[in-house]
Amino acid sequence: MKKFISLAAVVVAVAGLVSCTQNDNPVLPEESSLPSAPYAFDEGSLVVNGQCDGAEVQSYWVHEHRADGYVDGAAQIVSDPADPKNRCVAVTIRSEEEAREAGNPTLDGDGNFADWDSQFFITFPEEKALVAGDKVRLTMKVKADAAQTAGTQSHKNPGGYIHWYCVGDVNFTADWTEFDSDWKDVTDDGSWGHAQAGMYTIAFNLAKGAKNTVYFDDIRIEVQHAN
């Protein structure tokens, strides 16, 4: 049975998150938790990124290490720089230089600057976590101020890493392009090319060393259930 995951909007009612202008990713209060309901499987649904009525409205989350430590925040909904009538999600990525100046760069096992220093998440509810035998497909539009790639990981909650592969690499160019992961098998063996059972979040590893802003629009997740 094929279903579409509707990442229904969540209102983040935080002072200062009322602007539709592009800034660094706004930071949520330390006591804030990740959003829960409302989400639903809605046949044929498409995530609408165009809501901006006096508050930030989205189901998208980012994190990065900053001068004041590791933070979770909400991705910005902004006007498309090339088309003010179009709204999209924007994530500003700090550079390696900024990370090192802040004193908290994320390093991999070899001591190199890690691409997961800045991450963007698309998440759906835990009770909809994928199981072995399912298939998942992600389609969306993407672009960036400067061309780059981003790998994807399978996570539980945003930041709850379980596997280094999810739906493949995403290529960002200066123009909107269509990304289609095609159908990815969900397995529980941790193998390459497969999303991992137990996941309910797709994580994008965005840090490439240079400061950049990447944009997402028209996001849709499809799932073919094993049973």
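Strand E18, which spans residues 212–224, is mostly covered in this predicted model, since 10 of its 13 residues are buried. Buried here stands for under 20% relative accessible area, whereas exposed is over 50% and partly exposed lies in between, with a 1.4 Å probe and protein chains only. Strands (E, at least two residues) and helices (H or I, at least four) are DSSP runs, numbered from the N terminus.

The model is a predicted one, in which local features need pLDDT of at least 70, side-chain atom pairs count only at pLDDT 80 or more, and totals for chains, interfaces and linings use all residues. Residues are numbered from 1 along each chain as its sequence is written, and side-chain values use heavy atoms, with hydrogens and water left out.

Strand E10 (residues 135–144) is also mostly covered, with 7 of its 10 residues buried.

| Strands | Sense | Bridges |
|---|---|---|
| E10 and E18 | antiparallel | 9 bridges |
| E8 and E18 | antiparallel | 5 bridges |
| E10 and E14 | antiparallel | 4 bridges |
| E10 and E15 | antiparallel | 2 bridges |

Towards E14 (residues 177–180), the bridge partner of Met140 is Phe179, and towards E15 (residues 184–187), Val136 stands opposite Lys184.

Definitions and conventions
Two strands pair if DSSP finds at least two bridges between them.
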